[in-house]
Amino acid sequence: DEILPLEPKAVSSHLRKVFERKKIGIKTSAPVDKAFVQGDGVVVRLANGEEIGGDMALVAIGRKMNTDK
């Protein structure tokens, strides 16, 4: 899955590489069950039960074009 599907592939690939260099994890197509603050950080629980902790979380939702057909 592309992290920026509406942008050119080169842009999405570059951003993914930047995130990887900075040790920023990427999960795509991963429904979130719950996100909560824990201590000085945040924990995100995915629908499959996996919990991911970190200093902060960036959550993006999918979008569809809203056009008349």
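Predicted model: local features only at pLDDT ≥ 70, side-chain atom pairs only at ≥ 80, totals over all residues.
1. Which residue in S3 is the bridge partner of Val-42? The partner is Gly-54.

2. S1 and S2 run antiparallel and are joined by 6 bridges. Across this pairing, Phe-36 is set opposite Val-43 in S2. The two strands form a hairpin with 2 residues between them, where Gly-39 has a positive phi near 65°.

3. Strand S2, residues 41-46, is joined to S3 by 4 bridges, again in an antiparallel run. Besides the pair of Val-42 and Gly-54, Arg-45 has Glu-51 in S3 as its bridge partner. This hairpin has 4 residues between its strands, and Gly-49 in the turn takes a positive phi of about 95°.

4. Is S2 mostly covered or mostly open? Strand S2 is mostly covered, with 5 of its 6 residues buried.

5. Lys-23 has a positive phi, near 60°, and sits in the loop between H1 and S1. The relative accessible area of Lys-23 is 75%; the cut-off for exposed is over 50%, so Lys-23 counts as exposed.

6. Ser-29 is placed in the loop between H1 and S1 as well. Its phi is positive, near 50°, and Ser-29 is likewise a residue other than glycine. With a relative accessibility of 65%, Ser-29 is exposed.

7. How much space lies in the largest pocket? The volume is about 1,300 Å³. Helix H1 (9-21), S2 and S3 are the elements that each give two or more residues to the lining of this pocket.

8. The lining of the largest pocket is made up of 33 residues. Those that lie nearest the centre are Ile-26, Lys-27, Leu-58, Val-59 and Ala-60. By class, the lining has 20 nonpolar residues, 7 charged and 6 polar.

Technical notes:
Residues numbered from 1 in each chain as written. Heavy atoms only, no water. Pairing = 2+ DSSP bridges. 1 Å grid on protein atoms, 1.4 Å probe; cavity = no way out; pocket = protein on both sides within 12 Å on 5 of 7 lines; lining within 4 Å. Points joined across faces, edges and corners; volume = space filled by probe spheres on them. Nonpolar A, V, L, I, M, F, W, Y, C, P; charged D, E, K, R; others polar. Buried < 20%, exposed > 50% of the residue type's maximum accessible area, 1.4 Å probe, protein only.
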